[in-house]
Amino acid sequence: MNEISKKLSQFLLEKNVASGWSCVKDTIDQGYNSAFIYDFILRDAMYRIGEMWEENKISVAHEHLATGTCELILTKYHLEKLNDRYIKENSPSLVPCFFV
């Protein structure tokens, strides 16, 4: 498990959406794609939380709150992707303008 997903799992348990999103956003800014973010950041963070629940380190309520927080971060990620796509598809292409 990488350090980002460890940090994210702690933010999820703290119900800290802003800091959790910051972890994901930093990963995006580093150029990682959606598959990496899902598989090595979000999934690993949730696996860690599941393991903590199995080991009785957290309650089922904590696990459910972390899952809800993760869902909020996933929603924000999808909205950002949709917004980026909308801007890309609807912005006028930059055409050189020559003044005479």
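Author: Cys70 is buried, at a relative accessible area of 6%, where buried denotes under 20% relative accessible area, exposed over 50%, and partly exposed in between (1.4 Å probe, protein chains only). The model is predicted: local features need pLDDT of at least 70, side-chain atom pairs count only at pLDDT 80 or more, and totals for chains, interfaces and linings use all residues. Residues are numbered from 1 along each chain as its sequence is written, and side-chain values use heavy atoms, with hydrogens and water left out.

The closest cysteine sulfur to that of Cys70 belongs to Cys23, 12 Å away, which is too far for a bond. Cys23 is likewise buried, at 5% relative accessibility. The structure holds 0 disulfides, a disulfide being a pair of cysteine sulfur atoms within 2.5 Å.

Cys23 is one of the buried residues of H2, together with Gly20, Trp21, Val24 and Thr27. Viewed down the axis of H2, the buried residues fall within an arc of 150 degrees, so they line one face of the helix; the arc is that of the directions from the helix axis to the C-beta atoms. These buried residues pack against helix H1 (3-13), helix H3 (34-54) and helix H4 (60-90), with contact meaning heavy atoms within 4.5 Å. On the face of H2 turned away from its buried side lie the exposed residues Ala18 and Asp29.

Helices (H or I, at least four residues) are DSSP runs, numbered from the N terminus. Just after H2, Gly31 adopts a positive phi of about 95 degrees.

Definitions and conventions:
Helices (H or I, at least four residues) and strands (E, at least two) are DSSP runs, numbered from the N terminus.
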